[in-house]
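Please read them with the structure open.

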Amino acid sequence: MRRNIVAGNWKMNKSFAEADDLINSIAETLKEYDTTDVDVIVCPPYPYLELVSDVSEDADFFVGAQNVAKFDNGAYTGEISSSMLKGMGVDYCIVGHSERRKYFNETNKDVSEKIDKLLKEDITPIMCVGESLEEREGGNHFEVIRNQVQEGLFHLSADDMQRCIIAYEPVWAIGTGKTATKEQAQEIHAFIRKLIEEKYSDDVAQEVSILYGGSCNPQNARELFSMEDVDGGLIGGASLKAKDFIQIACSF
Ligand code: PGA
């Protein structure tokens, strides 16, 4: 059965010293709360993975990366492979974030290849989908999401599909303070689950956690997570403050 999940995406933020403070503060704060019903994941920048992984050994959270190479090891200067991530204690990895699609020209095909590399190493992909403001205003959001889900994931077997997490992140809501309403989130989450059901089966669709991301914070998380098909959140800005992040994780 699908799990409640809250993942923090630190993006390209924090000095090493600040990252050290933040992760220790997350580990301490977690001790004060009951998070048995939720899997908490922290996705720091690559250079801080070892630090975060070390702290995770005595704390109740998992380690995630923000990106992975679509290649195996070899002559790909500047890239990080899925086997390297596995060796650092990484269990989850974000793929296809809208910032990667926008600034690094990542395509649905790139995303699907990265997902294959992750699954091969037994790392759970958190695949991001989401429409721009223009696409929503033009009434194309369902089509955009359908393409991203189909082209990113639907080459997978049913077994592999069940190992993936999807994050719906409307681009217009990321870092803008403009959250999707709970009805808007539920509508797209239900749509995504239906796509999985049609391609695979209801059983498979019920196994996949679908997270909401985009200006999620301690004030709006409970309302969003109360929706039937919203299984948690992918948190950017609010994951940079331990208390806010853990409050969000306790919003089920
Ligand atoms: P935000 O970012 O919470 O700062 O809007 C979410 C994300 O991009 O994952």
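The points below cover the basis of the model, the barrel, the ligand site and a few single residues.

1. Basis. This is a predicted model, in which local features need pLDDT of at least 70 and side-chain atom pairs count only at pLDDT 80 or more, while totals for chains, interfaces and linings use all residues. Residues are numbered from 1 along each chain as its sequence is written, and side-chain values use heavy atoms, with hydrogens and water left out.

2. The barrel. Eight strands form a closed barrel in the order β1-β2-β3-β4-β5-β6-β7-β8, with parallel pairing. Neighbouring strands of this sheet are turned by 25° against each other on average, direction ignored. Those angles use axes fitted as lines to C-alpha atoms (for helices over the stretch in contact) and run from 0 to 180 degrees between N-to-C directions. Strands are DSSP runs of E with at least two residues, helices are runs of H or I with at least four, and both are numbered from the N terminus. Two strands pair if DSSP finds at least two bridges between them.

3. β4 (residues 92-95) pairs with β5 in the parallel sense, over four bridges. Isoleucine 94 stands opposite isoleucine 126 in β5.

4. The ligand site. Which residues come nearest to the ligand? Of the 13 around it, they are Lys11, His97, Glu169, Gly175 and Ser215. Near means that a heavy atom of the residue lies within 4 Å of the molecule or strand.

5. The side chain of glutamate 169 has an N or O atom 2.7 Å from a ligand oxygen. For serine 215, a backbone N or O atom lies 2.7 Å from an oxygen atom of the ligand. At glycine 237, a polar backbone atom is 2.8 Å from a ligand oxygen. The ligand taken alone exposes 290 Å², and the protein buries 95% of that (Shrake-Rupley method, 1.4 Å probe).

6. Most residues other than glycine have a negative phi. Lysine 11 has a positive phi of about 55°, and sits in the loop between β1 (4-9) and α1 (16-31). Aspartate 122 has a positive phi of about 65°. The place of aspartate 122 is the loop between α5 (108-120) and β5 (124-129).

7. Buried or exposed? Aspartate 122 counts as exposed, at 51% relative accessibility. Valine 149, in helix α7 (residues 141-153), is buried at 0%. The cut-offs are under 20% relative accessible area for buried and over 50% for exposed, with partly exposed in between (1.4 Å probe, protein chains only).

How values were computed:
Polar contact = N/O pair within 3.5 Å; in protein donor to acceptor, adjacent residues only side chain to side chain.
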